[in-house]
Amino acid sequence: MSITSEALTRSNNRCEICGSADQVEAILISPKTGTLADEYAALCDICQGQLAADTLDENHLRCLNDAMWSAVPAVQIVSYRLLSGLNSQGAVWAGDLLEMLYLDDEMLAWAKYRDAALDVEPTLDANGVALAAGDNVVLIKDLPVKGAGFTAKRGTPVRGIGLTDNPKHIQGRVNGQQIIIIAAYVKK
């Protein structure tokens, strides 16, 4: 049995935060390596989205009152991170729960870990909309393509873009050529 299957079996294929049975996946809670099932939390797509959201859904996350007492370390970490986010949004009840939640030093360091990927500047299109790998965009101006001998015309669709290390650039295929495009010259 794989580690992710073990984590899903442990949770009876239900979200370990809200209890939902819809679209539940075993998610590795960073920065762990994924060698133990206790490093995974079984989360529904809504709770997964909450982990990455700027604004948390206070009503959906009232279930943290129960989830924070889980014996599974990864679930405790997710609960801590979500409660901290709610507390910073001004949810007084979340602050009260945080005061009750005890984590030893190692667990607290895990809970407070912040992915370097979360600190990366987002890639924005011409309208300020964040772009993600796989998005489809359209060129908003004619762009001469150096070394390829053609000009990518305004209105040309670029499907399934890729992100680069530089948040000001994207990569995509235009006229069968893989090129780097300045993100400010496209719109979603």
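## Helix α4 against α5

Is the crossing of α4 and α5 left-handed or right-handed? In this predicted model, the two helices make a left-handed crossing. Their axes come within 7 Å and cross at roughly 140 degrees. α4 and α5 are therefore oblique to each other. The cut-off matters here, because only angles over 145 degrees count as roughly antiparallel.

On the α4 side, the contact is formed by Y80, L83, S84, L86 and N87. On the α5 side, W93, A94, G95, L97 and L98 meet them. By class, this contact has 7 nonpolar and 3 polar residues, with no charged ones.

The α5 residues W93, A94, G95, L97 and L98 are also the buried residues of that helix. The buried residues of α5 pack against α3 as well as α4.

## Helix α4 against α6

α4 also packs on α6, at an angle of about 55 degrees. The axes of α4 and α6 lie 9 Å apart. That angle makes α4 oblique to α6. The crossing of α4 and α6 is right-handed.

From α4, the contact draws on P73, A74, Q76, I77, Y80 and R81. From α6, M107, L108, W110, A111 and K112 take part. This contact divides into 8 nonpolar residues, 1 polar and 2 charged.

## The nonpolar cores

The largest nonpolar core holds 38 residues. I17, L64, L83 and L86 have the most contacts inside it. At least two core residues come from each of α1 (3-10), β2 (40-43), α3 (64-67), α4 (73-88), α5 (92-100) and α6 (105-112). α4 gives the largest share, 8 residues.

L83 shows how the parts of this region meet. Beyond its neighbours within four places in sequence, L83 is in contact with L64, M68, W93, A94, L97 and L98. L64 falls in α3 (64-67), while W93, A94, L97 and L98 belong to α5.

A second core is separate and has 15 residues. Among them are L139, L143, V174 and V186.

## An exposed strand residue

Strand β4 covers residues 143-145 and includes P144. Is P144 buried or exposed? P144 counts as exposed, because its relative accessibility is 67%; the cut-off for exposed is over 50%. Leaving aside neighbours within four places in sequence, P144 is in contact with F150 and T151.

Technical notes
Residues are numbered from 1 along each chain as its sequence is written. This is a predicted model: local features need pLDDT of at least 70, side-chain atom pairs count only at pLDDT 80 or more; totals for chains, interfaces and linings use all residues. Side-chain values use heavy atoms; hydrogens and water are left out. A nonpolar core is a set of buried Ala, Val, Leu, Ile, Met, Phe, Trp, Tyr and Cys residues joined through side-chain atoms within 4.5 Å. Buried means under 20% relative accessible area, exposed over 50%, partly exposed in between (1.4 Å probe, protein chains only). Helices (H or I, at least four residues) and strands (E, at least two) are DSSP runs, numbered from the N terminus. Contact means heavy atoms within 4.5 Å. Axes are lines fitted to C-alpha atoms, for helices over the stretch in contact, and angles run from 0 to 180 degrees between N-to-C directions. Angles under 35 degrees count as roughly parallel, over 145 as roughly antiparallel, 65 to 115 as roughly perpendicular and the rest as oblique. A crossing is left-handed if the near helix is turned anticlockwise from the far one by less than a right angle, and right-handed if clockwise. Ala, Val, Leu, Ile, Met, Phe, Trp, Tyr, Cys and Pro count as nonpolar, Asp, Glu, Lys and Arg as charged, and the others, Gly among them, as polar.
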